[in-house]
Amino acid sequence: MPSLPRHALPLVLCLLPLSAVAQTAVQAPVAADGPRGELFAPGVVSTAANETSASFSADGRTVYFMRGDYASADTTILTAQRTAKGWGQVRTAPFSGRWRDSEPHLTPDGRRLYFVSNRPPAPGAAAVTVARAGQSFPGANLWYVDARADGGWGEPVHIDGEINRLPTVYNPSQAANGNLYFSAVREDSGGANQLYLARREGDGFAAPQRLDIGVGVKANRMDPAIDPQERFIVFAGNEGDSRGAADIYIAFRAADGGWGKPFALPGEVNSVWLENAPTLGRGFGELYVTSMRPQTVEFPKRGDDPAAIARRIAGPLNGSRNLWRFDIAALLRAHGVEETPAPQR
């Protein structure tokens, strides 16, 4: 979830009390066909604040995610641990907490974690800032930390060069071969966010190339999640048929090496509310989506009072961004994608 102008939307508050408690699964509204959704770790990871961008360690026991205020003006990367009792032990990631950090992504082998930040790209430099229409707001560049032998993380490293030449770079996602996908606003993006690929070259990356998929550069495409073997890509945007402000789409690799026509994911993945920041879990077909969908409203209500209003606003399904889990394994298999062995650490 990048800077405010990209995803700024009115906050929609729900109108029913939240009955779910921490570690209790909350089901999305029933859909006729396709994947059903489940609110991820309600009350622990998904809370009344904004949460996006779930990324899991290679063993699946640690999740990195972003938490911020309703406007996403102040964001921090957090971690949570999975135990026999469920998800808990929420802490600030050791490399975060001082700058506007977001969108963590662990590589397929778990040895590197990419993220987005407005922190100064070099000692003594100013924080990354975007100037637009006479105003300025925090920008975004890609950074990474490498895993240490003791299980911790090294110091954050700024990706120098063409990738971060502009202050509007978001949502890194790396394939197993080192190719780095991200979204950005660049000179060839038609004034919108577009998807880009920077191929791995030695210890660095080649100049990014725009991915030509979909209806053209006028569409807003963002937040790529690349299959480790690059067989498919999931992203957020509007290809002309979005049910809400943005939907989650998938495109499969074509026989000629390009990309097939993207289509919106079926079932409960998309709603009339905003969906963005999709990520892939460690299990085959495991998809995590950020959604602003609130608790379903039915009128007339049973009656309201200030205490009831305060309770539901304090719960996750209050119109803030939450993380939802979906299983798209059947869809992947229907398009010829089969499970592959997990990469070795």
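Q: Which residues make up the aromatic cluster?
A: In this model, which is predicted, one aromatic cluster is formed by Phe40, Phe56, Trp87 and Tyr288.

Q: How many aromatic pairs does the structure hold?
A: There are 12 aromatic pairs in the structure. One of them joins Phe40 and Phe56 in an edge-to-face arrangement, with 5.8 Å centre to centre and 75° between the planes.

Q: Where do Phe40 and Phe56 lie, and why does the pair tie parts together?
A: Phe40 belongs to the loop between strand 1 (37-39) and strand 2, while Phe56 is in strand 2, so their pair ties together parts that are 16 residues apart in sequence.

Q: Is Phe40 buried or exposed?
A: Phe40 is buried, since its relative accessible area is 6%, and for Phe56, also buried, the value is 6%.

Q: How is Trp87 arranged with Phe56?
A: Phe56 and Trp87 form an edge-to-face aromatic pair, at 6.0 Å centre to centre and with 65° between the planes. This pair links distant parts of the chain, with Phe56 in strand 2 and Trp87 in strand 5 (residues 86-92), 31 residues apart. Like Phe56, Trp87 is buried.

Q: Changing topic, how much space lies in the largest pocket?
A: The largest pocket holds about 680 Å³ of space. Its lining has 37 residues, and those nearest the centre are Pro228, Leu280, Gly281, Arg282 and Gly283.

Q: Which elements give two or more residues to that lining?
A: Those elements are strand 2 (50-56), strand 6 (101-106), strand 12 (169-174), strand 18 (221-226) and strand 22 (275-280).

Q: And how do the lining residues divide?
A: The lining of the largest pocket divides into 18 nonpolar, 13 polar and 6 charged residues.

Q: What does strand 18 form with strand 19?
A: The two strands form a hairpin with 5 residues between them, and in the turn Glu230 has a positive phi of about 60°. Strand 18 pairs with strand 19 (residues 232-237) in the antiparallel sense over 4 bridges, and the bridge partner of Arg221 in strand 19 is Gly237.

Q: What order do the strands have in the open sheet of 4 strands?
A: That sheet has the order 12-13-14-17, and the pairing is antiparallel. Strand 12 and strand 17 (209-210) stand at the edges with a single partner strand each, so one side of each is left without a neighbour in the sheet.

Q: How many bridges join strand 13 to strand 14?
A: Strand 13 (residues 180-184) and strand 14 (residues 194-198) run antiparallel and are joined by 5 bridges. Tyr181 has Leu197 as its bridge partner in strand 14.

Q: Back to rings for a moment: which ring does Arg112 lie over?
A: Arg112 lies over the face of Tyr144, at 3.7 Å from the ring centre.

Q: Last one: where is Arg98 found?
A: Arg98 is in the loop between strand 5 and strand 6, and this residue is exposed, with a relative accessible area of 75%. Arg98 and Arg119 are 21 residues apart along the chain, and 8.5 Å separates their C-alpha atoms.

Note on methods: Residues numbered from 1 in each chain as written. Predicted model: local features only at pLDDT ≥ 70, side-chain atom pairs only at ≥ 80, totals over all residues. Heavy atoms only, no water. 1 Å grid on protein atoms, 1.4 Å probe; cavity = no way out; pocket = protein on both sides within 12 Å on 5 of 7 lines; lining within 4 Å. Points joined across faces, edges and corners; volume = space filled by probe spheres on them. Nonpolar A, V, L, I, M, F, W, Y, C, P; charged D, E, K, R; others polar. Phe/Tyr/Trp six-rings, centres within 6.5 Å; stacked < 30°, edge-to-face > 60°. Buried < 20%, exposed > 50% of the residue type's maximum accessible area, 1.4 Å probe, protein only. Lys NZ or Arg CZ within 6 Å of the ring centre and 35° of its normal. Pairing = 2+ DSSP bridges.
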